[in-house]
Amino acid sequence: MMRLLMFVVMIGVSLAVADELKTAAPASNEVIHVATALDHLTVLEFGEPVTMAAAGSQAFQIERHEDKVFIKPLKAGASTDLFVWTASRRFTYELESPGEVTHMNFAVENRPPTPTKPATSPAQGLDEIADRMLTRAFLGSERIDSSLIKDAKDGVTIRIERVYQSRNTVYIHYAISNRGRQSYRVPTPTVEQLFPSQPGISVPALRGIQLNRSMAEKLGHVRPEALTIAHSELQKTDLDAGQETQGVIAIRKKVDSPTVIKLGFANNGKNSIEAFLVL
């Protein structure tokens, strides 16, 4: 079961008014009023090259430079209109007669709108979440050395392939091959954590290794603790002679290393089918 995490994005709009900078955000196709003051400059910023600027009166000094237009009123009591063309847009302004400095516009931003990212469909969102989860699982998984395990010539063999540990879950990936003459139905295994009292082998030195039966016997007396399987997946349940399959079990517990994990499967009528892993 895949859980989709939905995030609610709250957009807050704030207006900041400073003593030295007042900014107006224009909308397209509207007349933008600009408050000026004698002996002070007002800057219009566009974020793209200005191609032309024209005012209806010489009572204002108008200069353009790259992506900016500078406005300076020359006398009191005069107002006029101003047209500015950029590479992609046209703006219309009303330059108000000079007033108090505290009420003037020091800068007016008219930058091009930032292109919005195409909306992600629910399916794409799920794919991205799955990609992140799988990528982390592959990068964080640990390959288990099962070279000590010999394939049973006439039976079932269990090999632990990889282990991945998340914050509170251990995922064990295993493979099963049937070299017997009869079919074998693969059950959900039992899982135990083994606590040896006086092992005859060094458990920490065997971390990341699947133990064969003779090495497992050297653990000596152990105290088993049953672990609950939270989830189990299997490619194929019934194995005919010569077939193999893979499975994954999830144990909802944080397991401290080093420790011994035992997987137990139903026997095939001859021998018990078990796998011992040192995490």
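This is a predicted model: local features need pLDDT of at least 70, side-chain atom pairs count only at pLDDT 80 or more; totals for chains, interfaces and linings use all residues.
Q: How many aromatic pairs turn up?
A: The whole structure has 5, where rings of Phe, Tyr and Trp (its six-membered ring) pair if their centres lie within 6.5 Å; planes under 30 degrees apart are stacked, over 60 edge-to-face, the rest tilted. One of them joins Tyr174 and Phe265, edge-to-face at 5.5 Å centre to centre and 65 degrees between the planes.

Q: Where do those two sit in the chain?
A: In distant parts: Tyr174 is in strand β11 (residues 170-178) and Phe265 in strand β19 (residues 260-265), 91 residues apart. Strands are DSSP runs of E, at least two residues, numbered from the N terminus.

Q: Buried or exposed, Tyr174?
A: Buried, at 1% relative accessible area; Phe265 is buried too, at 7%. The cut-offs are under 20% for buried, over 50% for exposed and partly exposed in between (1.4 Å probe, protein chains only).

Q: Which residues make an aromatic cluster?
A: Phe46, Phe91 and Tyr93 form one.

Q: Switching topic, what lies over the face of Phe195?
A: Arg223, at 4.4 Å from the ring centre. The rule is NZ of Lys or CZ of Arg within 6 Å of the ring centre and within 35 degrees of the ring normal.

Definitions and conventions
Residues are numbered from 1 along each chain as its sequence is written. Side-chain values use heavy atoms; hydrogens and water are left out. Helices (H or I, at least four residues) and strands (E, at least two) are DSSP runs, numbered from the N terminus.
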